[in-house]
Amino acid sequence: MEVDILIEDSRWEGLNFEELVKDALKATAAHLGLPTKLIEVSVLACDDARIAVLNHDFRDKAKATNVLSWPAEELASDTAGGPPSRPAVGVDGTVALGDIAISYDTCEREAADAGKPIKAHVTHLVVHGTLHLLGYDHVRDLDATLMQGIETEILGKMGLDDPYRE
């Protein structure tokens, strides 16, 4: 597994961020039957100011968010609730998934509001972002149900609670 991590906000360093990311990626890939050692992902660990700029530039939403994803290829299913296509394997045998950005400020606030450890919330958001890279989405209700179910299963295997249970 090749994970390129750029930490722009030093608060991430206190969370053992690289290990959290790799664990979430491995669990997601294993759950979906993807070859973990061949996956390539880039992750930007930033703050609300930086992610707000990215959200504006790429989604035309001028506000901070918790996580953003840029898939290397479009894999989403045309059928609501249908599984996405499998990612292509490159000539060198690697599977380039894409890029993720995650904001410390929003993650910390959401974790506190939900009364859960920030590491658990960050792990959830990395799984969530990785599923977006793999073509999963939550725009349509059936797609959201599929994606949230997979997230819950992956996190459960990691010993984490269902993030959607109230």
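Colleague: Leaving aside its neighbours within four places in sequence, which residues is T28 in contact with?

Modeller: T28 touches V127, T130, L131, L134 and I154. Contact here means heavy atoms within 4.5 Å. This is a predicted model, so local features need pLDDT of at least 70, side-chain atom pairs need 80 or more, and totals for chains, interfaces and linings use all residues. Residues are numbered from 1 along each chain as its sequence is written, and side-chain values use heavy atoms, without hydrogens or water.

Colleague: Why is T28 called buried?

Modeller: Its relative accessible area is 0%. Buried means under 20%, exposed means over 50%, and partly exposed lies in between, with a 1.4 Å probe and protein chains only. The value of 0% is under the 20% limit, so T28 is buried. T28 sits in helix α1, residues 17–32. Helices are DSSP runs of H or I with at least four residues, strands are runs of E with at least two, and both are numbered from the N terminus.

Colleague: What makes up the protein chain, in helices and strands?

Modeller: There are five helices and four strands. Along the sequence they follow β-α-β-α-β-β-α-α-α.

Colleague: Why is the protein chain called as compact as a globular protein of its length?

Modeller: Its radius of gyration is 15 Å, and the globule rule also gives 15 Å for 166 residues. The radius is taken over C-alpha atoms, and the rule is 2.2 Å times the number of residues to the power 0.38. The two values are close, so the chain is as compact as a globular protein of that length. The C-alpha atoms fill a box of roughly 35 × 35 × 35 Å along the principal axes.

Colleague: How many of the 166 residues are buried, as a percentage?

Modeller: Buried residues make up 44% of them. Among contacts with a separation of 6 or more, 69% join residues 24 or more positions apart. The accessible surface is about 8,600 Å², and carbon and sulfur atoms hold 49% of that. Those areas come from the Shrake-Rupley method with a 1.4 Å probe; for residues, only the protein chains shown count as cover.

Colleague: Why does V89 count as exposed?

Modeller: Its relative accessibility is 54%. That is over 50%, so V89 is exposed. V89 lies in the loop between β3 and β4 (95–103). Outside four places in sequence, V89 is in contact with T94 and V95.

Colleague: What is the phi value of N16?

Modeller: Phi of N16 is near 55 degrees, which is positive in a residue other than glycine. N16 is in the loop between β1 and α1. At 42% relative accessibility, N16 is partly exposed. D60 also has phi near 55 degrees, again positive and not in a glycine. D60 is found in the loop between α2 and β3. Its relative accessibility is 65%, so D60 is exposed.

Colleague: What makes the lining of the largest pocket, by element?

Modeller: At least two residues each come from α2 (48–59), β3 (67–71), α4 (118–133) and α5 (141–157). β3 gives the most, with five residues. On a 1 Å grid over the protein atoms alone, a pocket is an open set of points where a 1.4 Å probe fits, with protein on both sides within 12 Å along at least five of seven lines; lining residues have an atom within 4 Å of a point. The largest pocket holds about 590 Å³. Of its 27 lining residues, R59, S69, H132, D137 and H138 are closest to the centre. Volume means the space filled by probe spheres set on the points, and points are joined across faces, edges and corners.

Colleague: Which element gives the largest share of the lining of the second largest pocket?

Modeller: That is α4, with three residues. The volume of this second pocket is about 210 Å³. Its lining includes K116, H121, L155 and R165.
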